[in-house]
Amino acid sequence: MPRTKTLTEKIFSKKVGREVQAGEVVLAEVDWIMSHDTTTPLAIESFHQMQGARLHRDKVIIVFDHVVPAPNPNAALLHRKIFEFIEEQKIDHVHYAQGICHQILPELGYITPGSLVIGADSHTCTYGAFACFGTGMGATDIAVAWATGTNWFRVPGSVLVEISGSLPKFVYAKDLVLEVVSRIGTAGAIYQALEFTGETIPKLSISERMTIANLAIEMGGKAGLVPADQKTLDYLQPRAQKPMERLQADPKANYENYISVDANKMEPKVAVPHGLEQIRNVSEVAGIKLDQVFIGTCTNGRLEDLQVVHEVLRQRQVSKNVRVIITPASNEVYLEAIKQGYIETFIKSGCVVTNPGCGPCIGRHQGVLADGERCLSTMNRNFKGRMGSPNSEIYVASPAVAAASALTGKITSPQEVA
Amino acid sequence: MGRVWKFGDNVNTDLITPGRYNLTTNPTELAKYCFCEVRPEFPKEVHLGDFVVGGVHFGSGSSRETAPLAIKASGIKAIIASSFARIFYRNAVNIGLPILIADTSVINDGDQLDVDLRSGVISIPESGIKIDAQGLPEFLLAIMDEGGIVAYLNKYKKFPNP
Ligand code: SF4
């Protein structure tokens, strides 16, 4: 009898073509190699240092999403460098300003269950929502994969996160995963994969699963995997470029750690500056004055998120004391939000709607914070200085809390404005 | 011997090379702002052969390789921390920047250190304290010995044996 395997071990065993276990170092061929406009330039430099290297161009995806369109000459120069490389290497899979990499790769059918995808971006773990082993690497690792089609991996041990119960009103997947962060801490899963399971997971939408997988790296995780069920296949089938199957861990696989979360008992959460493990219930921080509210990112910039915001803001005005910036995660999301009337709501209620992309998430354009300013954001990290001045503050919460706070200019529970 | 620049837990890559200065691939440019968020004096006062010492989860957050690159270009001989974020760990090995995992609680800012990268023995001559660092696995040592993964692949045309 073959031993029972975690989802991680299953994926790696399939990729390597033999039974592998957590802890082993393996060389594996990757399915896709993603990099974006801020990490590609360094990868190009490393690639050029490799003698006689030939690009595995059928695996290469380059996304321009972090600073698009270029806000200054430096960014423009880096973009230029990438455009030239794309031309020189005849790269086909290029996506300029179509949306955030982690949103558009699944949308465009690159991601399938059981595949192995590396990306020069830490939130590559988002693809785990589709039982794809997606993991972030640096520029040189990407260059090595460009040149070899492979890379080395230490098959990580897994942490089983079992979620039970149903999300109460005003509580979302974001709150759920913030609760997981608060339980195990921001270093709680270093060198490990998080595997989400339990009765709640099948009930979660694709969008909610992506929110959860997205935060795996905020616990130090190498990946954040959700089993692939019929819902996964239904989402991917019309998009995917490869045949697909359901995929889940074996029963009684070996886990290095186990935690369980009861969704029934939860309240909306807010992570306070400057670390994601500093998590409070919204009631504990309500009333804190804000200068900016930002709704978007690979964590919470999808249609369902915008729908929640639309419901809160409809026929109302955001507070004059805050700038409210909304950035749809992709063109697909943007177009659908236009169709549904969400964008009209946002503009009429006084929000700024930007083009799809990372927006102000990395503090380079479209809403940089000044000294002493405070922002509530739907993003995934509240590091000091992340959105601009090192003397600004970032609070992280769900789109519902963000929308409620936009109305009042202060941190506000969605319940208060319902 | 080199001076210790001591940092706490969870030093993330946004603190090492902040987004707003991260729009270049030039290591010397990057080094000008290295750690500017937490230790503004670092870029000016750091010397060749100094050490960066951290607590748990050093290098967490973004995958930006500019972070280890800036530290390397600052002249740092090695980073010692009680644990590293995995992307940072790989990035450091890939560019040939030595990293050591060790109990760093007894190392203080400004200490003078002697580190034997081969044996992993860290000593603080002034107090006579010696700490054994956890060495890199063979696989990574092979890469580090060549000065990084690009140099390794150029020389051997394949990955080291896992
Ligand atoms: S939205 Fe933010 S966290 Fe997501 S990929 Fe862009 S910069 Fe990174």
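Student: OK, how much area is buried between chain B and chain A?
Tutor: About 3700 Å². Carbon and sulfur atoms give 61% of that area. Keep in mind that this is a predicted model.

Student: And which three residues supply more than any others of the area chain B buries against chain A?
Tutor: Those are Leu23(B), Arg86(B) and Arg90(B), which supply 21% of the area on chain B's side.

Student: How many residues of each chain are in contact there?
Tutor: On chain B there are 39, and they touch 49 residues of chain A.

Student: What does the radius of gyration of chain B tell me?
Tutor: Chain B comes out at 15 Å, and a compact globule of 162 residues would be near 15 Å, so the two agree. If you want the outline, the C-alpha atoms of chain B fill a box of roughly 45 × 40 × 25 Å along the principal axes.

Student: What share of chain B's residues is buried?
Tutor: 61% of the 162 residues.

Student: What about charges, how far apart are the mean positions of the positive and negative ones in chain B?
Tutor: 7 Å, taking 16 positive and 18 negative charges.

Student: Switching to chain A: which residues does a cis peptide bond join?
Tutor: One such bond joins Val68(A) and Pro69(A), with omega about -20°. Pro69(A) sits in the loop between strand 3 (60-64) and helix 3 (73-89). The bond from Pro273(A) to His274(A) is cis as well, with omega near -10°. You'll find His274(A) in the loop between strand 12 (269-271) and strand 13 (279-281).

Student: I also noticed Ala131(A). What is its phi?
Tutor: It's positive, about 55°, although Ala131(A) isn't a glycine. Gln315(A) isn't a glycine either, and its phi is positive too, about 60°.

Student: Is Ala131(A) buried or exposed?
Tutor: Buried, with a relative accessible area of 0%. Ala131(A) lies in the loop between strand 5 (116-119) and strand 6 (133-136).

Student: And Gln315(A), buried or exposed?
Tutor: Exposed, at 82% relative accessible area. Look for Gln315(A) in the loop between helix 11 (303-313) and strand 15 (323-326) of chain A.

Conventions. Residues numbered from 1 in each chain as written. Chains lettered and ligands numbered in written order. Predicted model: local features only at pLDDT ≥ 70, side-chain atom pairs only at ≥ 80, totals over all residues. Heavy atoms only, no water. Rg over C-alpha atoms; globule rule 2.2 N^0.38 Å. Buried < 20%, exposed > 50% of the residue type's maximum accessible area, 1.4 Å probe, protein only. Lys, Arg positive; Asp, Glu negative; His and termini not counted. Charge placed at Lys NZ, Arg CZ, Asp CG, Glu CD. Contact = heavy atoms within 4.5 Å. Buried area = accessible area lost by both parts, 1.4 Å probe. Helix = DSSP H or I, 4+ residues; strand = E, 2+ residues; numbered from the N terminus.
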